[in-house]
Amino acid sequence: MNNKFINLSLVSPKIEIANPQFNVKEILTVLADINSDIAIFPELTITGYSCKDLFLQKELLDDALLALKKLLENNTYQGLVVLGIPFLVNDQLVDLALVIHKDKILGAIPKFNLINTKGNHESRWFKSGYDLISQIDFLDILNQIVPFGNLLFTNSDVNFTVEINQDINHSNPLKSLADFTINIAAIMDEVGLFDKQINLVKADSIKFKNGYVLVTSGPTESSSDGVYKAMHIVSENGDNILENADLKLKTIISDTILDLPKLNYFKRINKESLNIDYYQEIKFPEFKTFDFEYSLHLDKTPFIPKNKPYQKFKEITSIQEYSLAKRLNHLGLSKVILGISGGVDSCLALLVSCQAFDTLGISRNNIYAYTLPGLHTSNTTKNNALDLMEALGVTSNTINLKNHITDHLKLIDHDLKEDITYENSQARMRTNILMNLANKHNALLVGTGDLSEISLGWATYNGDQMSMYNPNAGVPKTTARFLLENYGKYIYDEEITNILWKIIQTPITPELKSNQTTEKSIGKYEINDFILYRFIYCGDTKSRIKLMLNDLFDLTDSEAINYVDNFFKRFYAAQFKRQASADGPNVFGFGLKANSDFFMSADVKRK
């Protein structure tokens with residue numbers, strides 16, 4: 001285990017039906033070549049699932065035990081092995097999952113829910129575990145006394161449980177104690193089956209707030225009645241991190257990781273009290289630490305959807321649009337005010353407002369969009385703002401604030417030195433004017449600040465931090481860029497798409513002093529958003545995040561430390577700003593609103 005990541009090898013081996021010696025030879029070949037913490041093989045791996053009435057033959061069962069003995073004697077793999085075997089328990093055949101460490105069988109889990117549909121006749125061959133676990137706690141397997149029944153495998157780092165195939169459809173409260181569940185299965189393929197299995201795994205992972213790992217047999221199972229597709233699916237609290245399906249007549253291996261601290265965090269924030277029947281806790285050795293590139297399995301930009309991007313784009317923007325529409329309906333308002341800087345966030349808020357007004361059937365003329373050039377506004381951002389407002393057909397206005405800002409600074413006897421007062425005065429002037437315009441037009445002032453900015457406190461208190469409703473409140477900066485790209489790609493014509501592309505390409509800046517760019521001051525948003533995700537969503541420590549930054553972003557130790565220290569220093573100091581922020585929708589299932597998402601005192605002493 002490296003940096004608390006559990007490395008998994010999901011294996012659908014090439015097998016021969018009812019030939020345990022061949023199958024174990026293939027398993028040993030795989031185990032000799034892989035380097036991971038747990039190797040997982042499908043249901044009834046040693047014999048093959050599709051032996052049918054041969055399961056009733058004692059000779060096959062004896063051959064399976066001899067093959068298992070060979071596996072135990074020749075296993076050089078350092079991690080845990082999970083696989084399936086048919087086994088006689090008091091002259092009743094049971095479909096077993098075994099958990100093995102080197103030459104020792106740690107536990108045996110029976111299949112509880114037998115399948116007797118669509119050509120499956122498991123009750124003809126096997127006895128359900130339900131009929132046995134109340135009578136038997138241990139099995140004698142090759143002269144080893146092996147715990148049997150509902151088992152929780154545990155060491156100082158991790159807890160997991162194992163189930164077989166159809167048992168996923170029947171609630172097992174023991175999974176509420178486990179960090180993850182392993183399911184070994186054999187399932188005949190049909191149209192749409194893979195999607196169904198993906199949804200099953202995702203749903204179970206969400207239900208028990210843990211990880212779920214599914215491994216099924218491949219097409220070297222019998223094709224007498226159909227074909228068996230190798231499916232490898234892994235989910236972490238509903239986030240599917242592996243979805244592989246293959247039809248190859250050879251061994252199929254998928255490598256992935258489970259993020260253990262992340263799974264632990266899900267358990268801490270989602271406590272449930274469930275009645276759990278009798279179970280045994282099985283200790284197993286600590287995982288050996290070895291080098292593997294866990295960074296290959298991590299997403300550097302977790303807030304940018306990779307799977308079904310158009311669907312995710314529509315989901316995110318619908319949340320934004322309908323939340324704003326609902327607030328307008330609630331207040332009985334038909335007008336909004338926005339300040340448009342020409343940057344990503346304000347332009348996103350404008351696009352959201354347009355879609356909300358279209359949904360409500362209100363003319364876009366009722367969207368009052370203002371560009372408010374100040375002492376350092378560039379022609380690039382101002383023109384971007386004006387071009388977008390005109391193309392969208394909203395009511396466009398320009399109010400030049402230069403003299404107003406200068407007069408204000410003179411009023412408070414400021415020498416126009418480019419200090420914090422100089423910067424914040426400009427931000428507050430804009431908000432003051434926009435608030436007054438909202439009163440004048442009986443309109444709602446729509447906020448534009450995003451989740452990344454408020455996490456870092458990169459907003460002026462009672463300036464751009466303040467609005468009457470903020471549809472961007474749950475949207476990180478990297479997501480905002482993604483949304484602008486997709487508005488251009490899917491919603492708007494070439495003219496608007498070109499404007500949006502220019503906005504995306506423009507360096508991010510509040511333009512409150514000379515030569516100011518945001519990412520030179522607070523670091524790259526891509527990295528800060530990654531830290532935000534790992535901290536808020538995954539519950540990671542500073543030290544663990546630092547190691548990830550080293551590996552994912554190729555940062556030196558000092559660079560990674562600076563990023564982490566700067567983020568947390570700003571994050572803790574900015575809580576007072578978050579406590580006074582406007583309402584806005586949660587987009588990713590978590591957020592930083594002080595009254596509903598992230599509860600923290602504003603005077604904590606952490607950094």
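Relative accessible area is classed here as buried under 20%, exposed over 50% and partly exposed in between, with a 1.4 Å probe and protein chains only. The structure is a predicted model, in which local features need pLDDT of at least 70, side-chain atom pairs count only at pLDDT 80 or more, and totals for chains, interfaces and linings use all residues. Residues are numbered from 1 along each chain as its sequence is written, and side-chain values use heavy atoms, with hydrogens and water left out.

Two leucines have positive phi values. L416, with phi near 70°, is found in the loop between α9 (402–411) and α10 (420–441), where helices (H or I, at least four residues) and strands (E, at least two) are DSSP runs numbered from the N terminus. At 37% relative accessibility, L416 is partly exposed. L142 has a phi of about 55° and is found in the loop between β6 (138–141) and β7 (144–147). L142 is also partly exposed, at 29%.

Grid points are joined across faces, edges and corners, and a volume is the space filled by probe spheres set on the points. The largest pocket holds about 1600 Å³ of space. Its lining comprises 48 residues, with G238, D239, N240, Y533 and Y537 nearest the centre. Two or more lining residues come from each of α4 (193–208), β13 (239–246), β14 (252–259), α5 (260–269), α6 (309–331) and α15 (525–537). By class, the lining has 23 nonpolar, 10 polar and 15 charged residues (nonpolar: Ala, Val, Leu, Ile, Met, Phe, Trp, Tyr, Cys and Pro; charged: Asp, Glu, Lys and Arg; polar: the others, Gly among them).

One cavity of 30 Å³ or more is counted. The largest cavity contains about 50 Å³ of space, and its lining has four nonpolar, five polar and two charged residues. Among the lining residues are S12, P13, E43, S217 and E221.

In strand β14 lies S254, which is buried at 5% relative accessibility. The side chain of S254 makes a polar contact with that of N244 at 2.9 Å (N or O atoms within 3.5 Å; within protein, one must be able to donate a hydrogen and the other to accept it, and residues adjacent in sequence count only if both atoms are side-chain atoms).

The structure holds 29 aromatic pairs, defined for rings of Phe, Tyr and Trp (its six-membered ring) with centres within 6.5 Å; planes under 30 degrees apart are stacked, over 60 edge-to-face and the rest tilted. Y310 and F313 form a tilted pair, at 6.3 Å centre to centre and 40° between the planes. These two residues are three apart in helix α6, and so are separated by about one helical turn. Y310 is partly exposed at 38%, whereas F313 is buried at 1%. The ring centres of F313 and Y487 are 5.2 Å apart with planes at 90°, so this pair is edge-to-face. It links helix α6 with helix α12 (residues 477–491), the two residues being 174 apart. One aromatic cluster consists of F266, F303, Y533, Y537, F588 and F590.

Methods
On a 1 Å grid over the protein atoms alone, a cavity is a set of points where a 1.4 Å probe fits but cannot get out, and a pocket is an open set with protein on both sides within 12 Å along at least five of seven lines; lining residues have an atom within 4 Å of a point.
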